Amino acid sequence: GITIASVFANYPEQSADIAYGLGTEAETPVTFFSAGAQAKWHVPTGPVTDWEKTDFDDSAWNEGASGFGFDTPSGDYLPLLGAGGNVGAEMEDKNATVYIRIPFEVTDPTGLSNLSMLLKWEDGFVAYLNGTEFHRESAPADLMWNSNSTDGHRDEDAAKTFFGYPVNAGGLVAGTNVLAIQGLNHTSGSSDVLFVPELLGTFKD
């Protein structure tokens, strides 16, 4: 037999250079921010309430361009750090945790989907979109302001490679959004740490 996929009744008279029939939805890649984006970061010295929330006041925090971390003077991570993104002076031998907040603007979240955070990282992290956690790696169940990662054996080649983690697009809002990361070193005395985030998605009209 024959299967009819679609039928057009009362088809209008056709004209030159005008297409008739079913339209298709176009998908456009969207980059919300990439490596080098301006962000705020802070190495806590005690508990910080609601630091991952959108409306948190981070005006007193350090400002820098992604990525964030530190390394030895000849380390491979140094070229991946942005201007103002070296956190070693505040983090090394003091605290294994660093808080990072990357703001970005969305005019209208309608039609946005397939959100993915790309991240180069060592040694662990917990990631939030507008205050809601969406992924964690090598992080303790009971997260504290001075938590360590649960694994300190991440391969440096893997750490310098972007890995993708899905993000719930339903968490986006019109206006300012914030991707927040609690970056975790294995110990406060570790010689290096790295976090380079990007956020991508798709717009379907």
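1. Ground rules. The model is predicted, so to speak of local features takes pLDDT of at least 70 and side-chain atom pairs count only at pLDDT 80 or more, while totals for chains, interfaces and linings use all residues. Numbering runs from 1 along each chain as its sequence is written, and side-chain values use heavy atoms, with hydrogens and water left out.

2. Overall make-up. You're looking at two helices and 11 strands, where helices (H or I, at least four residues) and strands (E, at least two) are DSSP runs numbered from the N terminus. Along the sequence the pattern reads β-β-β-β-α-β-β-β-β-α-β-β-β.

3. Of the 205 residues, 43% are buried; buried means under 20% relative accessible area, exposed over 50%, and partly exposed in between (1.4 Å probe, protein chains only). The accessible surface comes to about 10700 Å², with 50% of that belonging to carbon and sulfur atoms (Shrake-Rupley method, 1.4 Å probe; for residues, only the protein chains shown count as cover). Take contacts (heavy atoms within 4.5 Å) between residues at least 6 apart in sequence: 77% of them join residues at least 24 apart.

4. The sheet. Six strands make an open, antiparallel sheet in the order β3-β2-β5-β10-β7-β8; two strands pair if DSSP finds at least two bridges between them. β3 (62–65) and β8 (132–137) are the edge strands with a single partner each, so one side of each has no neighbour in the sheet. The twist averages 25° from one strand to the next (axes are lines fitted to C-alpha atoms, for helices over the stretch in contact, and angles run from 0 to 180 degrees between N-to-C directions). Inside the sheet, β2 (residues 38–42) and β5 (residues 97–106) are antiparallel partners over three bridges.

5. W41. This residue sits in strand β2 and is buried, at 5% relative accessible area. The bridge partner of W41 in β5 is I100; the two are 59 residues apart along the chain, yet their C-alpha atoms are separated by 4.4 Å. The side chain of W41 also reaches the backbone oxygen of G84 at 3.0 Å. Leaving out residues up to four places away in sequence, W41 touches a list of residues including W61, F68, V87, V98 and Y99.

6. W61. Have a look at the loop between β2 and β3, which is where W61 lies. W61 counts as buried at 10% relative accessibility. Leaving out residues up to four places away in sequence, W61 touches K40, W41, H42, W51, F56, Y99 and R101. W61 and R101 are 40 residues apart in sequence and 9.7 Å apart C-alpha to C-alpha.

7. Salt bridges around D58. The whole structure has six salt bridges, each a side-chain nitrogen of Lys or Arg within 4 Å of a carboxyl oxygen of Asp or Glu. D58 pairs with K40, the closest N and O atoms being 3.8 Å apart, and both residues are buried. D58 also meets R101 at 2.9 Å, N to O. D58 lies in the loop between β2 and β3 and R101 in strand β5, so this pair ties together parts 43 residues apart in sequence. R101 is buried, as is D58.

8. K160 and D76 form a salt bridge with closest N and O atoms 3.4 Å apart. K160 is in the loop between α2 (156–159) and β9 (163–166) and D76 in the loop between β4 (68–70) and α1 (88–91), so this pair ties together parts 84 residues apart in sequence. K160 is partly exposed at 26% relative accessibility, and D76 is partly exposed at 41%. As for the network, salt bridges with shared partners join K40, D58 and R101 into one.

Definitions and conventions: Polar contact = N/O pair within 3.5 Å; in protein donor to acceptor, adjacent residues only side chain to side chain.
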